[in-house]
Amino acid sequence: SADRLSTLDPSGTVFAEFTGLAIEHNAVNLGQGFPTLPVPEFITNAAIEACKDINPLHQYTRSEGHVRLVKAVSAFYSDKIGRTLDPLTEIITTVGATEALYSAIQAFVNPGDQVILMQPFYDSYPAAITLAGGVPVMVSLTPSKPALSSADWRFDINEIRRAIVPGKTKMIMINNPHNPIGKVFERSELAQIAAVAEEFDLLVIADEVYETLVYDDSSTPLIKFGSLPGMAERTITVGSVGKMFGVTGWKIGWCLSTPEIIRSIWMVHQYVPFSVVTPLQEATAVALEKAMTNDYFERNVAEYQSLRNKLHGMLSSVGLTPTMPQGGYFILADTTSVPDDAAADPTERRRDFRVCRYLTKEAGVAPIPVSAFYAPEAQTGEVPAQLARFAFCKNADMLDRAGEKLASYG
Ligand code: PMP
Ligand code: GLN
């Protein structure tokens, strides 16, 4: 295979491993982030209706994005991002946020260019960068001890400044709300990043796929990076219908940016998928049009907040000390109480992988080891070694079953 594959982890993504392990051991899967909640009827009906069409919704649609969908996306975001987005030039739809990230990076990162990532990072970021020949440069999000809230994880703007090599550093990527931490960044934090982006002329990818899941006790609402003064012209905002409507299998996402930036991303996109699945773009448009008036987002975030609180209580009660997330659908838990000898495996250097495999096989509950979101050299560091990520985008029965299993094993 091509040399570039040598930059990727040969064992594949952590999500495939742990979903496979959960199935094999009949464990409750709180690993991979996919909802098990019933999808609201206005969303499933939108898909059914689109599929009933006999033509043309079963054919290729516009390569840059199905027209009804880009119009709905523009209507949804224009207020939030503080300017009217031209649906035909400032939005592109993609195969999930994953392709949005991949095509955006392919479009802007030259071989040897550096891209700043905050560690922990979502796992597809460094892969997309190295596949483009770029170099991921890590700066840290670090927890206070103990981190009771995701807000207790912080970055140091001076570390970001030191990581920038003028002329080489092309881009910085931020994820807000953050996977796996659940942090929602304060305006002052985003403003620090914006100032650096301006000073060093960086592009910013703002992965905001969990934007509709910010809880009412968060110290800050979600502030869209592209709405900050001067940032519209350098920000690529990424979104995903999988997170917005709890339908990760639909694999529809989008980028919002300037016409010039969107055109460059489209140059790549036209030769990756060419266009995105038409009936589900139509269905997404219809669902988004309805959701803007039927209070779906309010009800959805309230439901997730009660599931979050349930999982948080359950992890506390079994001694897996959780960090309360402000957004997203994951909780980080401290696994220090799991005895190291119980999870012994001389072939695995990463403690959190040992512990998470052990919890899956022996306790019957599958989390995700957090070092999967760290660069190889940082994977045995003190912070990820003690952490496991548990998903709460799961029905209450599933969370109860997981709680019982953890309690009876503990
Ligand atoms: N970014 C983040 C932070 C994510 O958590 C995910 C999904 N887990 C993605 C991007 C990818 O989204 P999609 O499924 O729409 O490709
Ligand atoms: N984004 C999901 C998560 O963080 C997983 C996506 C995937 O399996 N690639 O759990």
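Me: What should I know before I start?
Reply: This is a predicted model, in which local features need pLDDT of at least 70, side-chain atom pairs count only at pLDDT 80 or more, and totals for chains, interfaces and linings use all residues. Residues are numbered from 1 along each chain as its sequence is written, while chains are lettered from A and ligands numbered from 1 in the order in which they are written.

Me: Which domains does the domain assignment give?
Reply: Domain bounds come from an automatic or database domain assignment. Here, domain 1 covers 3–39 + 296–409 and domain 2 covers 42–291. Their centres, taken over C-alpha atoms, are 24 Å apart.

Me: How many residues does each domain bring to the contact?
Reply: Two residues are in contact if their C-beta atoms, placed from the backbone, lie within 7 Å. Domain 1 brings 35 residues and domain 2 brings 39 residues. On the domain 1 side, helix 11 (296–317) gives the most, with seven residues. Helices (H or I, at least four residues) and strands (E, at least two) are DSSP runs, numbered from the N terminus.

Me: What kinds of residues make up the side of domain 1 that touches domain 2?
Reply: They divide into 23 nonpolar, nine polar and three charged. Ala, Val, Leu, Ile, Met, Phe, Trp, Tyr, Cys and Pro count as nonpolar, Asp, Glu, Lys and Arg as charged, and the others, Gly among them, as polar.

Me: Which strand pairs with strand 2?
Reply: Two strands pair if DSSP finds at least two bridges between them. Strand 2 pairs with strand 10 (residues 253–256) in the antiparallel sense, over four bridges.

Me: Are the faces of strand 2 covered or uncovered, and is Q386 buried or partly exposed?
Reply: A residue is buried if 20 or more other C-beta atoms lie within 10 Å of its own, exposed if 12 or fewer, and partly exposed in between, with C-beta atoms placed from the backbone. Strand 2 (residues 91–94) is covered on both faces: I91 and T93 are buried on one side, and I92 and T94 on the other. Q386 counts as partly exposed because it has 19 C-beta neighbours inside 10 Å.

Me: Where is Q386, and which residues does Q386 contact?
Reply: Q386 sits in the loop between helix 13 (382–385) and strand 14 (387–391). Leaving aside neighbours within four places in sequence, Q386 contacts D334, T335 and T336. The C-alpha atoms of Q386 and D334 are separated by 5.6 Å, although these residues are 52 residues apart along the chain.
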